[in-house]
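Work through the exercises below with the sequence and the coordinates open. Each task is followed by a solution in steps.

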Amino acid sequence: MRPSVGRPGGVSPKRLLPEPPLVGWSLREASEGPGALPGPPTEGARGSQASPARPQLSLSRRPRRRLGTLRWCGRRRLRRRLLQAQAAGADWRKGGCPVPRAAVARGPKTAAPSPASSPTPSPAPAADADPSYLATLPIPPVRPAGPGRALVLLPLEQGFTFSGICRVTCLYGQVQVFGFTISQGQPAQDVFSTYTHSRLTISAVHYSMPEKSKKEMKREARTLLRSHLNRDDRCWLMKNFSPLCSIVMLEHLKTSTVNFIISHPGLSYVFVQESPTFQINSEYLALRSVAIKKERKKNGLRLTESALSALEELVNVSCEEVDGCPIILVCGSQDVGKSTFNRFLINQLLNSISCVDYLECDLGQTEFTPPGCISLLNITEPVLGPPFTHQRTPQKMVYYGKTSCKNNCENYIEIIKYVFSSYKRESPLIVNTMGWVSDQGLLLLIDLIRLLSPSHVVQFSSGRCKYMPNLTPDYVDDMDGLYTKSKSKIRNRGFHLAEFAENFDFADEEKESPVVFTGHKLMCVQSDFTFRKTPRNRDSHNKVLRDLAVLGYLGQLQPPVPKPLSPLHGLTPYQVPFNAVALRIIHADVAPTHILYAVNASWVGLCKILDDVRGYANGPILLAQTPICDCMGFGICRGIDMEKRLYHILTPVPPEELRNVNCLLVGAISVPQCVFKSQRGLEGTIPYVTTDYNFKLPGASEKIGARETEKTDEEKLYPKPRRYRKTN
């Protein structure tokens with residue numbers, strides 16, 4: 001036998017190889033820290049025939065390897081050893097007590113020893129203990145819990161980022177999704193993490209915990225889980241249980257709205273995107289049964305420090321109720337994260353108060369209604385998804401009919417006055433504004449601040465956007481708006497309510513009260529919001545989001561799950577006589593002889609005007625001006641029966657509200673093309689789809705209100721050459 005060189009006793013080098021390394025730990029931190037575990041016994045201590053004793057958590061001098069280079073079984077073994085070390089009371093970062101050798105001696109492969117079996121059991125960490133070492137633990141693998149169900153065990157301050165839709169139930173502990181806190185015992189929440197927006201993350205948060213031993217905590221958790229899980233799942237959770245952790249149940253979710261959206265070709269990618277995977281394990285299969293996919297942390301939603309600071313201050317102000325209910329106006333240029341901030345703020349406020357009011361002033365990217373509306377809503381449920389997943393009925397809504405107000409800003413201001421008059425000042429109000437903040441848009445924003453008199457103005461700025469001046473109270477006072485003039489204010493910069501009583505319909509007791517609007521507080525938020533929009537594809541991207549909002553509204557026509565979907569041409573429409581409603585085209589001038597062509601197969605607003613339209617024998621009844629009136633909802637004019645003089649309207653508005661509808665408004669918001677082209681059961685010629693279309697008719701052009709001009713003689717003789725794209 002060849003003797004070993006440089007090793008006393010002739011021991012083979014293979015016997016002294018160190019244990020597999022710990023991923024993510026440096027040698028100096030692990031070996032020199034006060035809480036390092038004792039190493040394996042020497043060769044002389046264990047003898048030549050005895051089997052070597054190995055601790056549950058061993059350190060080595062082998063160079064570190066990345067987690068991605070380990071196999072699945074190696075990562076699983078590493079997670080188990082880390083959790084066992086934690087359960088044994090070892091704090092290898094903060095100087096916890098070392099594990100005795102009796103506790104780490106080799107024995108049968110069972111679960112981690114309980115603290116009672118240790119000679120000196122370590123108490124469970126208190127609720128106010130520093131949990132930073134828990135944040136370094138890797139997330140345990142997801143465990144399947146039956147068809148369409150999965151369990152996730154989240155250590156404190158760790159998150160699970162995913163894409164797809166699912167129903168989230170917190171079985172033990174407390175988690176937070178998009179700013180909304182879900183605790184054990186609360187109802188399940190439907191979460192929508194789509195590819196059109198940043199991915200959502202389920203994060204375990206710190207919760208109050210009485211002074212209990214770990215054994216008592218595990219007994220309490222096992223009792224809570226008995227009604228939800230079987231014995232094997234409970235044993236798996238208790239084996240990996242750690243103090244201050246949270247247990248989450250993810251369930252497969254199906255809604256009629258989502259099923260209606262994904263039934264159209266090309267739109268299923270919004271919720272689920274298939275990607276090649278090279279690692280198929282139990283975690284992958286469990287998430288696939290729920291119809292979600294685990295995402296990288298960098299794809300999740302991340303807020304800047306200034307945004308988090310503004311959120312904390314606004315929540316504190318709204319919960320104090322000392323100076324009344326605050327009015328929070330959020331402004332900034334396009335694509336800086338205003339809507340995301342509003343959703344997060346709503347969810348944060350709903351953690352402490354029962355409801356939040358929301359005033360929508362953005363015509364293009366509305367939050368709770370189809371586009372082209374100005375609305376006031378009372379929000380009582382969390383907002384855990386993009387706008388097309390939570391279409392709701394407002395308290396008051398006016399259909400403006402266009403996605404921009406550049407051509408008629410005065411009517412835009414008048415509609416906001418009309419809608420804002422319904423605000424009762426019983427809960428905080430969040431005001432969402434447009435991203436048009438240059439030139440006249442900035443002056444219009446100044447008018448809006450003066451009219452609404454917000455207590456807080458949250459101004460977003462970004463390095464990608466153009467410069468926008470800080471809207472301080474001094475700047476707003478000294479600048480002339482688009483329709484208002486600057487005024488010299490008193491020293492405390494107060495606005496007496498009597499000055500604005502003529503503009504708003506306040507109650508009599510509010511007019512007589514000495515309420516004073518003080519100058520707002522400006523909160524500047526620097527946005528580092530990453531988005532895929534560019535100046536080239538912004539219009540097309542926004543159009544896709546508007547179409548999804550319309551589809552989300554039309555999804556309310558579908559029967560509830562599990563009933564199958566019904567194509568829109570298979571649903572029964574309402575019959576409305578010509579002389580029961582008045583007509584008005586908002587966005588263009590249309591000749592009376594062509595008005596029914598414009599209404600047919602169009603998106604119509606179902607409104608209520610004060611005028612009495614009854615008494616006309618025939619019809620249609622045409623309005624000369626666009627009224628400012630309440631909008632009850634929307635629908636599609638499926639057809640017009642000229643013989644019986646009836647409109648066929650398809651709408652999800654309930655019949656008791658349709659009795660008050662006496663006006664149909666048609667604007668620039670159109671029905672998505674996929675509704676006409678992709679309905680199931682269509683054979684032969686598709687209705688309303690044709691290639692014989694005359695763009696010379698007024699209102700028929702793609703541009704709002706555009707008319708085709710006559711070509712000059714030079715253009716007729718020398719037309720512009722066509723460009724052809726080279727193809728392979």
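The protein chain contains 20 helices and 25 strands, where helices (H or I, at least four residues) and strands (E, at least two) are DSSP runs numbered from the N terminus. This is a predicted model, in which local features need pLDDT of at least 70 and side-chain atom pairs count only at pLDDT 80 or more, while totals for chains, interfaces and linings use all residues. Residues are numbered from 1 along each chain as its sequence is written, and side-chain values use heavy atoms, with hydrogens and water left out.

**Exercise 1. Confidence**

Task: State the average pLDDT of the protein chain and find the elements with the lowest and the highest mean.

Solution. 
- Step 1: pLDDT is the predictor's confidence in each residue, from 0 to 100. The protein chain averages 76, and 69% of the residues score at least 70.
- Step 2: Among the elements, the lowest mean pLDDT, 34, belongs to helix α1 (residues 27-32), and the highest, 97, to strand β13 (residues 396-399).
- Step 3: Residues 1-68 have pLDDT below 50; this stretch has 83 contacts in the model beyond near neighbours in sequence. A contact means heavy atoms within 4.5 Å.
- Step 4: Over residues 489-517 the pLDDT also stays under 50, and the model has 39 contacts for them beyond four places in sequence.

**Exercise 2. Chain totals**

Solution. 
- Step 1: Buried means under 20% relative accessible area, exposed over 50%, and partly exposed in between (1.4 Å probe, protein chains only).

**Exercise 3. Cysteines**

Task: How many disulfides does a search of the whole structure find?

Solution. 
- Step 1: A disulfide is taken as a pair of cysteine sulfur atoms within 2.5 Å. The search finds zero.
- Step 2: Take Cys331: its closest cysteine sulfur, in Cys524, is 9.0 Å away, which is too far for a bond. Cys331 is buried, at 0% relative accessibility.
- Step 3: Cys607 is likewise in no disulfide, the nearest cysteine sulfur being that of Cys631 at 4.1 Å. Cys607 is buried, with a relative accessible area of 0%.
- Step 4: Cys355 lies in the loop between α11 and β11. Its C-alpha atom is 5.5 Å from that of Ile379, 24 residues apart along the chain. Leaving out residues up to four places away in sequence, Cys355 touches Leu350, Asn378, Ile379, Thr380, Ser427 and Pro428.

**Exercise 4. Salt bridges**

Solution. 
- Step 1: A salt bridge is a side-chain nitrogen of Lys or Arg within 4 Å of a carboxyl oxygen of Asp or Glu. The structure holds eight.
- Step 2: Glu283 and Lys294 meet at 3.5 Å, N to O. Glu283 is in helix α9 (residues 282-290) and Lys294 in strand β9 (residues 292-294), so the pair ties together parts 11 residues apart in sequence. Glu283 is buried at 15%, whereas Lys294 is partly exposed at 42%.
- Step 3: Glu367 and Arg343 meet at 2.7 Å, N to O. Since Glu367 sits in the loop between β11 (356-360) and β12 (373-379) and Arg343 in helix α11 (residues 338-350), the pair ties together parts 24 residues apart in sequence. Glu367 is buried at 3%, and Arg343 is buried at 5%.
- Step 4: For Asp547 and Lys543 the closest N and O atoms are 3.2 Å apart. Both residues lie in helix α16 (residues 538-554), four residues apart, about one turn of the helix. Asp547 is buried at 18%, whereas Lys543 is partly exposed at 41%.

**Exercise 5. Nonpolar cores**

Task: Which residues have the most contacts inside the largest nonpolar core?

Solution. 
- Step 1: A nonpolar core is a set of buried Ala, Val, Leu, Ile, Met, Phe, Trp, Tyr and Cys residues joined through side-chain atoms within 4.5 Å.
- Step 2: The largest core has 60 residues, and those with the most contacts inside it are Tyr399, Leu554, Leu568, Trp603, Leu606, Phe634 and Tyr647. Helix α16 gives the most to this core, with six residues.
- Step 3: Beyond four places in sequence, the contacts of Tyr399 include Trp603, Phe634, Cys631 and Ile586.
- Step 4: A second, separate core has 51 residues, among them Val177, Ile292, Val330 and Leu384.
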